[in-house]
Amino acid sequence: MDAIDFARICLDPTRLAALGRAAEGALTVDWLSAALGLTRRDALSTIASLRAAGLVNEDGSLDRQALHTIARMLPGRDEPSPNILEGEWSESEARVLRTFFAEDRLVEIPVNRASRRVILERLAQEFEPGVRYPEADVSRRLEDFHPDYAALRRYLVDESILSRAQGTYWRTGGRFPLDEPDEGTSMVELTSGAGMLLATQDPHVTLSSFDTVAPDAIAAVANDERIARFMTNAFPHPYTVEDAERWLGIATADDPPHHFAVMVEGSLAGGVGCEPKRDINTGSAEIGWWLNPEQWGHGIATAAVSRFIDYCFDDLDLHRVEAGVFLTNPASARVAEKAGMNLEGISKDSYVKAGVLVDRLNYGLARSPCDEPANDHDE
């Protein structure tokens, strides 16, 4: 018998009274009939059920060893996790939440433990301290966020956010916000910050400022030699989380932002940005982009670069954008051309990459007042 079966037995008043009498060592059919007004048949049935459960001995006494065994099955005292937190999300934590959640759904379980811990802290809000949850209830709540509820349930236990015993779970750790959000508040409202989001001509592709992206997400997508071979040496391979953290310091330094993450259905796929020029070149900028190879060939880069050029002209008030493309990278040349840029020339041996000289294709696009049609009118 386990603790749950014992509880079911004790919830019956007749059997509970019989157990109390057995604890005194004097449970008999005559006593049960007289004390509770039972027929002799019902009294015999009650005692028989307690004996079958192993709680009462043949002589009518309580089997105390059986109670000790059941007691050891009960969950212990709720000891708080050593990692218990209190307070609101920091900006870096909110960035992780924005990266891995789309609306109220978890789009991916982070591989990086630090990021995964933030996600688990958010999921912990679905469980009230002091409440016991059957495993099916825990699974159902987690499945509302991600189909791999079993992995999430295991991680919550491993991180001491939930404790478990005999198929029952209860919360012993995790974050407890100072101010609970109002009922019905969505994940977007919880985690939206200063991030800027730009829609593109492709409904599946958006541009998001990098303050919404976690370093480990960047490292996971950018760590591919096929990207680095056509980038400056500032874009290394291997690409580590530390590289991503340094990049975020640059990418989030400007207001309005000069760099955007390319998102495909809410997941990071690449980046696009610009470096404004100074002095007599003020008002122009060098733009660049990169995309994870898994997303190549689907028009994603074209949609991203086209929208970013519009942003440069309309929001950054630039009058010219330029882009340098490796001669050995025809795919990026096609992106520049489809985005409306013009090939203005070729610079011989302009790049040195991995010790090899490479020609540069010079693309440009101007939005000058002199290009705008004049208004014809009589003076």
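**Pocket, cores and cysteines**

In this predicted model, 47 residues line the largest pocket. Phe 230, Met 231, Gly 288, Trp 289 and Trp 290 lie nearest its centre. The space in the largest pocket comes to about 1,200 Å³. Several elements give two or more residues to its lining: helix 12 (225-228), helix 13 (241-251), strand 10, strand 11, strand 12, helix 14, strand 13 and helix 15. Strand 12 provides the largest share of this lining, 6 residues. By class, 27 lining residues are nonpolar, 12 are polar and 8 are charged.

The chain as a whole holds 15 helices and 15 strands. It has 379 residues, and 44% of them are buried.

The largest nonpolar core contains 35 residues. Within this core, Ile 287, Trp 289, Phe 308, Ile 309, Val 321 and Met 341 touch the most other members. Trp 289 is also one of the residues nearest the centre of the largest pocket. At least two core residues come from each of strand 9 (205-209), strand 10 (259-264), strand 11 (267-276), strand 12 (284-291), helix 14 (300-314), strand 13 (320-326), helix 15 (330-338) and strand 15 (356-366). Helix 14 gives the most, with 9 residues.

Neighbours within four places in sequence aside, Phe 308 is in contact with Leu 207, His 258, Phe 260, Val 272, Gly 273, Cys 274 and Ile 287. Another core lies apart from the largest one. This other core has 24 residues, among them Tyr 133, Ala 151, Ile 161 and Tyr 169.

The whole structure contains 0 of them. The cut-off for a disulfide is a pair of cysteine sulfur atoms within 2.5 Å. Cys 312 is likewise in no disulfide, with the sulfur of Cys 274 as its nearest cysteine sulfur. Cys 274 has 1% relative accessibility and so counts as buried. Cys 312, at 0%, therefore counts as buried too.

Terms used
Residues numbered from 1 in each chain as written. Predicted model: local features only at pLDDT ≥ 70, side-chain atom pairs only at ≥ 80, totals over all residues. Heavy atoms only, no water. Buried < 20%, exposed > 50% of the residue type's maximum accessible area, 1.4 Å probe, protein only. Core = buried A, V, L, I, M, F, W, Y, C linked by side-chain atoms within 4.5 Å. Helix = DSSP H or I, 4+ residues; strand = E, 2+ residues; numbered from the N terminus. Contact = heavy atoms within 4.5 Å. 1 Å grid on protein atoms, 1.4 Å probe; cavity = no way out; pocket = protein on both sides within 12 Å on 5 of 7 lines; lining within 4 Å. Points joined across faces, edges and corners; volume = space filled by probe spheres on them. Nonpolar A, V, L, I, M, F, W, Y, C, P; charged D, E, K, R; others polar.
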